[in-house]
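Please keep the sequence and the structure in view while reading.

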Amino acid sequence: MIESYLFPIRYALLTFPIVAFFFTLPFLIIQYRVYGYVNGYRGFVLYSFLLYLLTAYYLVILPLPDTIHTCTASGDTYTQWMPFRFVEDLMKETHVRFGDPTTYVGIIKERAFLQVIFNILLLVPFGFVLRYYFRLRWLLTIAAAFGLSFFFEWTQWTGLYGIYDCPYRLFDVDDLMLNTVGGALGGAIAVWLSKILPCLDQLDENIDLKSMRVSFVRRFIAFQMDWILLVPFALFLLFIGKPVYFAVLIFAYFIILPYLTNGFTAGKYFVRIRLRGRGEDIKLNELLIRYGLLYFVIGGAHGLIAFAVIQQLEPLLLIPLLLALIGMDIMFVVHLLIRVYRRDKGLFYETRSGTYHEIK
């Protein structure tokens, strides 16, 4: 029986890196936006919670049937609506005799008993995290545990949302009850352990955001969010053959907008960073140097090559231009890697413009 539980756990461990990869971006955005930085302890709790939820889900659905045609002609019953049926199962399937205490110890090896215990333990971590990390009240924790258990049972009853012809596992009201008890127990344990675990309200004490370095990861997220907004407009302008208007769009968004907002673009605002210059307020000439070098020199070189390709420039002229562009890109990547490794100076366009990022 233990093997039936270890099998889903192994699959959860194998697929967790993939799920964590897609979880990381929203996790970072929320942490930056809400707290201004990423705290390692919060990250540990949330990623552990993610692994737990993935494991719990796999325990519910795995192993999958060999075929999607799971209906049988025998008219199997796929639901069990009688509460406390597990007590009857314990009496029938175990060798426990209440008048003979010597039989009590052997119950821990019985399948019916272990199934009850595992159904309770399944949502203990869920209730714990809801109470400890998300600070839900006990009644809300119990309600959430019931909701998650119902989702699991519904997943089984629908044959994995209709993928299978019929359910391949039983919808059991006892599972709802035992899972909910486990969630309530986890909430109670959280109240007790919170006395010795780090207090979440004190994690951000003595944190000076102004003195913290803005990571390249955070800057890249802001960059991505800015370009998610700009790409539809940029594609439209390029499609209608207005590259000059595209340059105007870049100028307005990355130079005029930060000047008017004192260092913010939409992406920077969302992850709580802004550009600073040599003074308290960002100056127009600083933005012109910074983004002129980045978008109109480096970006303009790429645009020029793209235009040359579209115009089918002679190979004798196009090939040297392509080689020059590749050389420039290699130099920029090497420069970027050095700055990421050294963590002491800004990129060349930041040094020339005297600009840098700070956390707000």
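This is a predicted model: local features need pLDDT of at least 70, side-chain atom pairs count only at pLDDT 80 or more; totals for chains, interfaces and linings use all residues.

A residue counts as buried when its relative accessible area is under 20%, and as exposed when that area is over 50%, with partly exposed in between. By that cut-off Arg 290 is buried, because its relative accessible area is 2%.

**Salt bridges around Glu 350**

- The count of salt bridges in the model comes to nine.
- One of them joins the side chains of Glu 350 and Arg 219, with 2.8 Å from N to O.
- Glu 350 belongs to helix 14 (residues 348-353) and Arg 219 to helix 9 (residues 216-239), so this pair ties together parts that are 131 residues apart in sequence.
- Glu 350 also meets Arg 290 in a salt bridge, at 3.4 Å from N to O.
- Arg 290 lies in helix 12 and Glu 350 in helix 14, so here the parts tied together are 60 residues apart in sequence.
- Glu 350 is buried, with a relative accessible area of 5%.
- Arg 219 is buried as well, at a relative accessible area of 15%.

**Salt-bridge network**

- Lys 210, Arg 274, Arg 276, Glu 280 and Glu 358 are linked by salt bridges into a network.
- Within the network, the side chains of Glu 280 and Arg 276 meet at 3.6 Å, N to O.
- Is Arg 276 buried or exposed? Arg 276 is buried, because its relative accessible area is 13%, which falls under the 20% limit.

**Nonpolar surface patch**

- Which helices each supply at least two residues of the patch? They are helix 10 (243-261) and helix 12 (284-310).
- Helix 10 gives the largest share of the patch, four residues.

**Helix 12 in both topics**

- Helix 12 holds Arg 290, which pairs with Glu 350 of helix 14, and helix 12 also supplies at least two residues of the nonpolar patch.

Terms used
Residues are numbered from 1 along each chain as its sequence is written. Side-chain values use heavy atoms; hydrogens and water are left out. A salt bridge is a side-chain nitrogen of Lys or Arg within 4 Å of a carboxyl oxygen of Asp or Glu. Buried means under 20% relative accessible area, exposed over 50%, partly exposed in between (1.4 Å probe, protein chains only).
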